[in-house]
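Please examine the sequence and the structure shown below. The paragraphs that follow lead through a few of its local features.

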Amino acid sequence: MLDFNTTLQADFINLPTTELSRLQNKTFDFPANPKDGYIDASFYFSNVHNPVDITKFVFGDFCDGKVPLTMVTKWVMTYENTGFEDFDLTFSVSLSG
(Lines give C-alpha, C1' and ligand atoms only; values in the text may rest on other atoms or scores of the structure.)
Protein backbone atom coordinates (compact mmCIF):
# COMPACT_ATOMS: atom_id res chain seq x y z
CA MET A 1 0.00 0.00 0.00
CA LEU A 2 1.25 3.47 -0.93
CA ASP A 3 1.07 6.13 1.77
CA PHE A 4 1.58 9.82 0.93
CA ASN A 5 0.47 13.26 2.04
CA THR A 6 -0.98 15.77 -0.38
CA THR A 7 -3.70 18.41 -0.62
CA LEU A 8 -6.83 18.10 -2.71
CA GLN A 9 -7.82 21.44 -4.22
CA ALA A 10 -11.37 21.87 -5.50
CA ASP A 11 -12.64 25.01 -7.26
CA PHE A 12 -15.84 26.17 -8.92
CA ILE A 13 -18.20 24.31 -6.58
CA ASN A 14 -21.73 25.48 -7.29
CA LEU A 15 -24.02 25.05 -4.25
CA PRO A 16 -27.27 26.93 -3.51
CA THR A 17 -25.90 28.38 -0.22
CA THR A 18 -22.73 28.68 1.86
CA GLU A 19 -24.69 28.38 5.12
CA LEU A 20 -23.85 24.92 6.45
CA SER A 21 -27.10 24.44 8.36
CA ARG A 22 -29.05 24.83 5.09
CA LEU A 23 -26.98 22.08 3.44
CA GLN A 24 -27.76 19.39 5.99
CA ASN A 25 -29.21 16.15 4.61
CA LYS A 26 -28.84 17.35 1.02
CA THR A 27 -27.19 15.52 -1.86
CA PHE A 28 -25.67 17.16 -4.92
CA ASP A 29 -24.50 15.38 -8.08
CA PHE A 30 -21.85 16.84 -10.38
CA PRO A 31 -20.70 15.76 -13.83
CA ALA A 32 -17.15 14.64 -14.49
CA ASN A 33 -14.70 16.98 -16.20
CA PRO A 34 -15.09 18.40 -18.89
CA LYS A 35 -18.92 18.57 -18.81
CA ASP A 36 -20.50 21.88 -17.76
CA GLY A 37 -20.91 22.15 -14.00
CA TYR A 38 -17.95 19.93 -13.08
CA ILE A 39 -15.83 20.64 -9.99
CA ASP A 40 -12.27 21.57 -10.99
CA ALA A 41 -10.28 19.43 -8.55
CA SER A 42 -6.71 18.17 -8.55
CA PHE A 43 -3.71 17.16 -6.48
CA TYR A 44 0.02 16.76 -7.05
CA PHE A 45 1.66 13.34 -6.91
CA SER A 46 5.22 12.59 -8.01
CA ASN A 47 5.58 16.25 -8.98
CA VAL A 48 2.78 16.09 -11.55
CA HIS A 49 -0.78 17.38 -11.69
CA ASN A 50 -3.51 14.75 -11.41
CA PRO A 51 -7.20 15.61 -11.80
CA VAL A 52 -9.89 14.35 -9.46
CA ASP A 53 -13.51 14.08 -10.55
CA ILE A 54 -15.81 14.88 -7.61
CA THR A 55 -19.21 13.56 -8.66
CA LYS A 56 -21.28 13.69 -5.47
CA PHE A 57 -21.59 15.61 -2.20
CA VAL A 58 -23.72 14.08 0.57
CA PHE A 59 -24.22 16.35 3.58
CA GLY A 60 -25.28 14.84 6.92
CA ASP A 61 -27.01 16.23 10.00
CA PHE A 62 -25.96 19.69 11.22
CA CYS A 63 -24.85 19.39 14.87
CA ASP A 64 -22.80 21.67 17.15
CA GLY A 65 -21.88 23.97 14.26
CA LYS A 66 -20.59 21.12 12.07
CA VAL A 67 -21.90 19.03 9.22
CA PRO A 68 -20.33 15.85 7.81
CA LEU A 69 -19.68 15.86 4.07
CA THR A 70 -19.16 12.65 2.14
CA MET A 71 -17.58 13.00 -1.31
CA VAL A 72 -17.66 10.49 -4.14
CA THR A 73 -14.54 10.87 -6.28
CA LYS A 74 -12.45 9.38 -9.07
CA TRP A 75 -8.69 10.03 -8.92
CA VAL A 76 -7.33 10.16 -12.48
CA MET A 77 -3.78 8.85 -12.05
CA THR A 78 -3.37 7.96 -15.73
CA TYR A 79 -3.64 11.63 -16.79
CA GLU A 80 0.10 12.25 -16.28
CA ASN A 81 1.29 8.67 -16.80
CA THR A 82 2.29 8.20 -13.16
CA GLY A 83 2.33 4.42 -13.59
CA PHE A 84 -0.68 4.07 -11.28
CA GLU A 85 -4.23 3.19 -12.28
CA ASP A 86 -7.22 5.49 -11.76
CA PHE A 87 -9.20 4.70 -8.63
CA ASP A 88 -12.53 5.57 -7.02
CA LEU A 89 -12.55 6.89 -3.45
CA THR A 90 -15.46 7.83 -1.21
CA PHE A 91 -14.45 9.69 1.93
CA SER A 92 -15.91 12.01 4.57
CA VAL A 93 -14.79 15.23 6.21
CA SER A 94 -16.37 17.42 8.88
CA LEU A 95 -17.13 21.02 7.90
CA SER A 96 -17.56 23.83 10.40
CA GLY A 97 -18.41 27.43 10.05
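Is Ile13 buried, partly exposed or exposed? Ile13 is partly exposed, because its relative accessible area is 37%; buried means under 20% relative accessible area, exposed over 50%, and partly exposed in between, with a 1.4 Å probe and protein chains only. The model is a predicted one, in which local features need pLDDT of at least 70 and side-chain atom pairs count only at pLDDT 80 or more, while totals for chains, interfaces and linings use all residues. Residues are numbered from 1 along each chain as its sequence is written, and side-chain values use heavy atoms, with hydrogens and water left out.

Ile13 is located in the loop between β1 and β2. Strands (E, at least two residues) and helices (H or I, at least four) are DSSP runs, numbered from the N terminus. Leaving aside residues up to four places away in sequence, Ile13 touches Ile39 and Phe57, where contact means heavy atoms within 4.5 Å. Ile13 and Ile39 are 26 residues apart along the chain, and their C-alpha atoms are separated by 5.5 Å.

Six aromatic pairs are found in a search of the whole structure. Rings of Phe, Tyr and Trp (its six-membered ring) pair if their centres lie within 6.5 Å; planes under 30 degrees apart count as stacked, over 60 as edge-to-face and the rest as tilted. Phe30 and Phe57 form an edge-to-face pair, at 5.2 Å centre to centre and with 70 degrees between the planes. This pair links distant parts of the chain, since Phe30 belongs to the loop between β2 and β3 and Phe57 to strand β4 (residues 48-59), 27 residues apart. Both Phe30 and Phe57 are buried. Together with Phe28 and Phe59, Phe30 and Phe57 form one aromatic cluster.

The backbone also deserves attention. Most residues other than glycine have a negative phi, and most peptide bonds are trans. Phe12, however, has a positive phi near 65 degrees. Phe12 is placed in the loop between β1 (9-11) and β2, and it is exposed, with a relative accessible area of 65%. Asn25 likewise has a positive phi, near 60 degrees. Asn25 is also in the loop between β1 and β2, and its relative accessible area of 52% makes it exposed. Finally, Asn33 and Pro34 are joined by a cis peptide bond, with omega about 20 degrees. Pro34 is found in the loop between β2 (27-29) and β3 (40-45).
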